[in-house]
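This report describes how two chains meet. Please look over the sequence and the structure before reading on.

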Amino acid sequence: MNIINFTPISAFVGGSLIGFAAFLFFVFNGRIAGVSSIASNTIIKNENRLDNILFLSGLIIGPIIYSLSGNEIESVLTNSLPLLISGGLLVGFGTKIGNGCTSGHGVCGISRFSLRSIIATITFIITGVITVLIFGI
Amino acid sequence: MTKLSSLIAGIIFGIGLTISGMVNPQKVLGFLNIFDSWDPSLMFVMIGAILIFSPLHFIFKRKSRPIFAKNFVVPTKKNIDKNLIIGAVMFGAGWGLAGLCPGPAISSLSFLNTNVYLFVIFMFLGFYLGNFIKLGNN
């Protein structure tokens with residue numbers, strides 16, 4: 001194993017902003033900023049639908065503000081249709097069944113010392129590592 | 001007022017995902033590529049987020065109610081059940097295939113890339129099917 005592309009400072013700063021956004025959503029709305037729940041509830045529940053849509057709109061506006069302030073955003077996504085389709089389905093289905101994703105379990109759940117979230121996070125990281133080991137990058 | 005705070009929280013969250021590099025699937029896959037060439041950055045994203053959210057949330061949880069909403073709504077489930085584990089396994093597999101999880105996938109819609117739209121459409125189909133299956137279990 002060798003370490004490449006490691007950007008600890010931007011990762012930590014960006015992560016802190018994510019934590020601060022989750023804190024605002026908690027203190028003002030009383031809710032947990034788990035993106036899979038917020039996104040799936042827009043198509044499943046009437047309750048807080050507009051709040052959820054506005055939060056998701058904010059997620060889309062964020063990168064636009066960042067690039068308008070003159071910063072480059074690097075993003076490389078696979079072109080493979082089978083990977084995009086199976087990836088999307090598994091991410092949607094899995095986070096719905098498992099009640100959370102990287103934000104809901106990985107950030108908010110661990111912050112709340114939830115055993116469910118700690119176990120879910122360890123599980124999806126290990127499965128992700130195995131998947132990359134098998135299918136490559 | 002919860003609408004305003006939802007939008008602002010979403011924007012800050014989206015800027016955080018962008019600065020941290022998590023909107024780049026290649027970087028996320030680099031984190032999962034532990035046994036070859038490893039990029040540990042995602043770990044620092046989680047540490048940064050937890051160090052901010054955890055203490056602040058514990059301090060404000062003692063308030064009787066949130067500033068704009070009537071009450072705090074936090075997950076109450078405690079048991080480690082099949083849904084949690086199977087769901088996390090499936091999510092991890094999908095995450096490892098495309099390098100996108102729900103937050104960065106939604107943020108990436110701003111890049112006007114057809115492949116992102118495809119991923120997000122199937123992610124929402126997955127939400128819908130998952131909800132259907134889980135209801136069946138109850």
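Leaving aside its neighbours within four places in sequence, which residues is A49(B) in contact with?

## A residue between the chains

The model is predicted. Apart from neighbours within four places in sequence, A49(B) is in contact with G15(A), S16(A), G19(A) and A22(A), and also with I18(A) and V107(A).

## The nonpolar core

A49(B) is also among the residues with the most contacts inside the largest nonpolar core, which has 76 residues.

## The side of chain A that touches chain B

Between the chains, 101 residues of chain A are in contact with 108 residues of chain B. On the chain A side, the elements that each supply at least two residues are β1 (2-3), α1, α2 (35-44), α3, α4 (81-97), α5 (102-111) and α6 (115-135). The largest share, 21 residues, comes from α1(A). By class, this side of chain A holds 61 nonpolar, 34 polar and 6 charged residues.

## Helices and strands across the interface

Helix α3 of chain A (residues 49-68) packs against helix α1 of chain B (residues 2-20) at an angle of about 40 degrees, and their axes are 6 Å apart. The crossing of these two helices is right-handed. Their contact has 18 nonpolar, 8 polar and 2 charged residues.

Strands also link the chains: β1(A) is joined by 2 bridges to β1 of chain B (residues 37-38), and the two run parallel. In this pairing, I3(A) stands opposite W38(B).

Conventions: Residues numbered from 1 in each chain as written. Chains lettered and ligands numbered in written order. Predicted model: local features only at pLDDT ≥ 70, side-chain atom pairs only at ≥ 80, totals over all residues. Core = buried A, V, L, I, M, F, W, Y, C linked by C-beta atoms within 7 Å. Buried ≥ 20, exposed ≤ 12 C-beta atoms within 10 Å, placed from the backbone. Contact = placed C-beta atoms within 7 Å. Axes fitted to C-alpha atoms, helices over the stretch in contact; angles between N-to-C directions. Helix = DSSP H or I, 4+ residues; strand = E, 2+ residues; numbered from the N terminus. Left-handed = near helix turned anticlockwise from the far one by under 90°. Nonpolar A, V, L, I, M, F, W, Y, C, P; charged D, E, K, R; others polar. Pairing = 2+ DSSP bridges.
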